[in-house]
Amino acid sequence: MAARKVMVWDLPVRIFHWLLVMSFVMAWLSHESSRYLDVHVFAGYSFFGLLLFRLLWGVFGTHYARFAEFAYGPKEVFVYLKSLLGKGLQSYVGHNPAGAWAIFLLIGFGLVLSVSGLMVLGGEEQQGPLAGVVSFDQGALWMEVHESVALLLLALVCVHVLGVFSESIMHKQNLVGAMFRGTKWVAGESATVPVHHLLGIAIVVALIAWGAVSFGGYLTATADKPYLPFKGPQLAMNDTWQEECGACHLAFHPNLLPARSWQRMFAEQDQHFDEDLMLDEDVVTELTAYAIANAAEQQKTEAAWEMQRTISKDQSPLRITETAYWRDQHHEIQDSVWAQNNIKSKSNCNACHMDADLGTFEDAAMKIPKPSTNPTTNSSKGEMQ
Amino acid sequence: MKQSHRFNAVMLCALLAMGMTSVVYADAVTTLQDEYRAAGAGPFSASAGEKAWTTAHKDAEGGPDRNCQTCHGTDLTKAGKHQRTGKAIDPLAPSANKERLTDVKFIEKWFTRNCKWTVGRECTAQEKGDFLEYLKGL
């Protein structure tokens with residue numbers, strides 16, 4: 001029987017495959033910087049959604065896409081691998097046994113990666129469907145899982161790609177091309193595979209729509225009303241706090257320092273960074289009570305959780321910018337950036353953090369402004385009365 | 001007719017109340033200057049206030065000299081800028097900012113804070129009275 005061109009991978013399988021590759025690459029490239037958490041989360045949800053589709057397609061899909069079609073036992077994998085070394089090279093129209101195992105492992109690790117990502121998002125960021133369900137501490141543990149599984153998955157991808165190339169050479173069959181065109185050269189018997197154009201296009205359309213939902217806000221954002229991809233919890237505000245603290249500097253929300261720091265701050269109000277605040281006793285009482293009730297120990301935000309666990313119990317720092325956590329988070333920012341006249345001071349949080357006034361400091365809610373050409377421009381929004 | 005008389009009376013009372021309120025606010029400067037006079041200061045001069053406003057004072061720690069313009073800027077109808085934090089300070093001239101010079105407590109608080117930072121001591125009643133005389137005309 002002469003070899004003929006046969007449709008093996010339907011369009012949904014091919015689109016799933018390449019979109020999965022793209023979302024994995026996108027997630028990998030955006031994982032380093034908190035600034036791009038929105039991109040990372042978009043890629044993660046896409047990745048997860050694609051895998052869930054593949055699970056369904058593995059049951060209800062076309063012949064070679066079904067899990068049952070390539071559910072080979074360990075013995076068959078061993079026999080197949082041995083055949084690669086010897087002469088009796090076995091040929092499969094769909095996945096060969098070794099490739100099949102790689103697919104199952106890739107899907108399995110991909111699902112663990114997705115779920116652990118949701119755990120991290122719910123724990124560390126208190127965002128996504130698991131916000132409030134997973135604690136900050138648990139989120140930190142899931143982060144370890146998420147990172148390890150990501151590395152394992154990358155290693156598996158390498159094995160998969162090596163396998164594809166060696167198979168392509170040994171069987172004289174361009175498998176990468178087959179994953180684009182869907183067709184293979186088959187000499188023996190093969191099943192008939194419909195292309196399923198509509199479903200393939202639907203997957204692409206769904207993903208584009210999901211992208212529009214995720215990033216559309218950036219298109220309508222203005223300088224005064226920036227788009228915040230993640231909204232933090234609504235933190236308690238206090239008018240006196242805003243007025244008294246906000247007169248000279250950003251009214252840093254009390255969740256950024258532990259209660260003992262605020263107690264010291266107001267006990268030493270006559271030497272507040274070399275200035276005598278001269279606040280009335282009743283004002284001090286009100287401000288101290290508000291600060292203590294909303295201090296870092298309440299763990300309402302990621303920053304609060306980090307501050308309360310990283311500041312040693314015998315320390316009560318007054319400057320947020322001198323804490324280890326703050327420094328660690330800002331160590332990559334160069335002096336030239338701090339010196340920009342639209343930033344100028346390290347206390348000027350809202351020059352970059354778009355939700356600084358709210359005290360939430362969400363990961364993706366930040367943007368370093370371009371150096372302004374107008375020397376009098378200042379990005380401080382609140383003003384003294 | 002009776003009804004409209006009553007209405008007029010109510011309106012008159014409302015107008016009087018509004019007028020009195022505005023008098024009370026506008027009088028924060030008078031109230032303070034009266035206090036300063038009671039403490040032995042006066043008469044107050046806008047030109048003395050203006051001169052003191054721009055007089056430079058040495059920084060005890062050797063930084064650049066300071067005067068009121070360091071933070072409030074040279075044009076008081078425009079926003080100033082906090083020297084250390086860079087935060088914007090609303091215009092000080094009442095013509096540009098109606099809320100200025102209307103709150104006795106607020107004025108005193110900032111006199112004390114800012115005199116200490118700029119001059120290195122609290123200002124005297126005479127100096128404060130002169131400042132107010134100068135600022136209220138802007």
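This is a predicted model: local features need pLDDT of at least 70, side-chain atom pairs count only at pLDDT 80 or more; totals for chains, interfaces and linings use all residues.
Q: Where do Asp34(B) and Arg37(B) lie?
A: Both belong to helix H2 (residues 28-38) of chain B, three residues apart, about one turn of the helix. An α-helix has 3.6 residues a turn, so residues three or four places apart point the same way.

Q: How far apart are the closest N and O atoms of Asp34(B) and Arg37(B)?
A: They are 2.8 Å apart, and the two residues form a salt bridge, defined as a side-chain nitrogen of Lys or Arg within 4 Å of a carboxyl oxygen of Asp or Glu.

Q: Is Asp34(B) buried, exposed or partly exposed?
A: Asp34(B) is partly exposed, at 41% relative accessible area, and Arg37(B) is partly exposed at 40%. Buried means under 20% relative accessible area, exposed over 50%, and partly exposed in between (1.4 Å probe, protein chains only).

Q: And what about Asp59(B) and Arg66(B)?
A: Their side chains also meet in a salt bridge, at 3.5 Å from N to O. Asp59(B) is buried, with a relative accessible area of 16%, and Arg66(B) is buried at 17%.

Q: Which helix holds Lys136(B) and Glu133(B)?
A: Both lie in helix H6 (residues 125-136) of chain B, three residues apart. Lys136(B) is partly exposed at 42%, as is Glu133(B) at 22%.

Q: Which residues do salt bridges that share partners join into one network?
A: That network consists of Glu244(A), Lys109(B) and Arg113(B).

Q: How many salt bridges are there over all chains?
A: A search of the whole structure finds 16.

Q: Changing topic, which residues of helix H9 in chain A are buried?
A: In H9 (residues 259-267), they are Ala259(A), Ser261(A), Trp262(A), Met265(A) and Phe266(A). They lie on the same side of H9(A) because they cover an arc of only 155° around the axis, taken from the directions from the helix axis to the C-beta atoms.

Q: What do those buried residues pack against?
A: The buried residues of H9(A) pack against helix H8 (239-246) and helix H10 (281-293) of chain A, where contact means heavy atoms within 4.5 Å.

Definitions and conventions:
Residues are numbered from 1 along each chain as its sequence is written. Chains are lettered from A and ligands numbered from 1 in the order in which they are written. Side-chain values use heavy atoms; hydrogens and water are left out. Helices (H or I, at least four residues) and strands (E, at least two) are DSSP runs, numbered from the N terminus.
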